[in-house]
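Trainee: Could you take me through the surroundings of the ligand in close detail? I would like to see how the protein is arranged around it.

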Amino acid sequence: MNVLVWFRRDLRAFDHPALAAAGAMGPVLPVFVIEPDFWTQADRSGRQWAFLRETLLDLRGQLRGQLLVRQGAAVTVLAGLCRKHRIRRIVTMADAAWPGGCDVAEWARGAGVEWLELPQGADAGQGALNFVADLAPGPIPDARSLGMVDDRCPHRQAGGRAAGQALLDGFLTHRSQGYQQAETHALLSERASSRLSPHLAWGSLSAREVALAAAERQVAANHGDWAAGLRLFQSRLALRDQSPVVPMTGQGAAHDLDAFAAGETGLPFVDAVLRYFQATGWLNHRLRALLVSIALHHLRINPTLAGQALARLSTDYDPTIHSREMQRVALARPLHPLPLAARLDPTGSFTRRWLPELAHLPDDALQQPWKSPLARPLLGRRYPEPLVDPNQALRRAGARKGATHRRPDFTLIECPRQLALPL
Ligand SMILES: Cc1cc2nc3c(=O)[nH]c(=O)nc-3n(C[C@H](O)[C@H](O)[C@H](O)COP(=O)(O)OP(=O)(O)OC[C@H]3O[C@@H](n4cnc5c(N)ncnc54)[C@H](O)[C@@H]3O)c2cc1C
């Protein structure tokens, strides 16, 4: 019996329970559906699609060229394929955050097609795969063909399993030695963080295979800082398994949104972080938290709009993790960008790299150019005046040292669990 495997955000052939289960049942029809309306939503971007497109091309290679890619509403596409190829069973991995799953399940029930949704992390065997005969795989369009605007991300990570495996390998064999310190310095972070998040978000690597490889490496590293770093890495991986929260809504303005998204807040460290994010599509946890804190607490930007702007910059955008973390930062004490800049970029090298227009300023003027006569001629011309004075913004937000900050103008539908990561 032919079996359709619906791929969503688990884009690999290895360690894929649904594909393995289908392969044991009969010839397989592997499908990925592009829903054009989904890709024009406000939290979606060309860089996400570009990463995903490379991942799909790689997956097609893993499936000996047999991955079908089709455009349209998932239920229409899958119903058509089931009719055409006489399919009575669809197998997929559970993914509550991906659209269309409920519609397809409901259609399948009505149409007498068996619907099997396997839990993430279920066991996957390794049998040989046979494919349904005479498949026409179809083109994998670029971002423009899907109506997305150009999104230059010059240092974006490459998508696909081969790229993910190389990254994992480099991390486990060398880079993870500095993992415990990765978030203590903005420049170190790129090297010592795993940067595996886009591969985990789109599933070119399974969280389970990464966790197993890290555990093996931890045993080899024996004791000491390296092993402790790998334990910390595994505890972060485990944070992926938490239940979804409903996105936060709230009041706030839109007027500073464009300047924020462009990295033109006039706060040098914040702008350097934003420009790094624009150029790479990736940021460590602490710097993402800083951006959210600046957007919500200092600039008082509407949380939905701020969340969408940050989501668009992320190649690893995962709505579940993103909403939960946005809520956590909204509830936390506001962060002060100046002490954070002093801690995370003590020599100013990160800020100077990403804001070349300020590179010549001496250290004492770099993070507060509005206070320096030397920087005055630049302001409002080559570099913006600050949108806010962070000290005033914090006073206005009523921050008290050590106090938990609760803002009445955010609506939090479900309170996030306490997480292990420091902001
Ligand atoms: C406001 C905000 C938004 C975020 N949005 C996303 C997002 O859209 N997608 C995303 O993958 N991560 C998100 N994170 C979590 C975290 O910042 C990133 O996973 C991390 O920076 C990715 O870098 P890395 O792969 O080097 O992480 P590592 O430190 O190497 O961690 C390994 C893996 O563990 C997982 N992980 C780490 N931290 C978390 C966490 N807090 N919750 C759940 N899983 C975690 C990720 O898959 C990550 O790749 C967000 C954090 C904040 C503060």
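Mentor: Domain 2 (161–241) and domain 3 (249–411) each contribute residues to the shell around the ligand, so the ligand lies between them. Keep in mind that this is a predicted model. In total, 27 residues surround the ligand, and the closest are Tyr179, Ser194, Arg195, Arg240 and Asp316.

Asp316, already listed among the closest residues, has a polar backbone atom 2.9 Å from a nitrogen atom of the ligand. Of the 830 Å² of accessible area that the ligand has on its own, the protein covers 98%.

As for the space itself, the ligand takes up the largest cavity. The elements that give two or more residues to its shell are helix H8 (197–202), helix H10 (224–238), helix H13 (285–298) and helix H15 (319–331).

Key:
Residues are numbered from 1 along each chain as its sequence is written. This is a predicted model: local features need pLDDT of at least 70, side-chain atom pairs count only at pLDDT 80 or more; totals for chains, interfaces and linings use all residues. Side-chain values use heavy atoms; hydrogens and water are left out. A residue is near a molecule or strand if one of its heavy atoms lies within 4 Å of it. A polar contact is a pair of N or O atoms within 3.5 Å; within protein, one must be able to donate a hydrogen and the other to accept it, and residues adjacent in sequence count only if both atoms are side-chain atoms. Accessible areas come from the Shrake-Rupley method with a 1.4 Å probe; for residues, only the protein chains shown count as cover. On a 1 Å grid over the protein atoms alone, a cavity is a set of points where a 1.4 Å probe fits but cannot get out, and a pocket is an open set with protein on both sides within 12 Å along at least five of seven lines; lining residues have an atom within 4 Å of a point. A molecule sits in a cavity or pocket if more than half of its atoms lie within 2 Å of its grid points. Helices (H or I, at least four residues) and strands (E, at least two) are DSSP runs, numbered from the N terminus. Domain bounds come from an automatic or database domain assignment.
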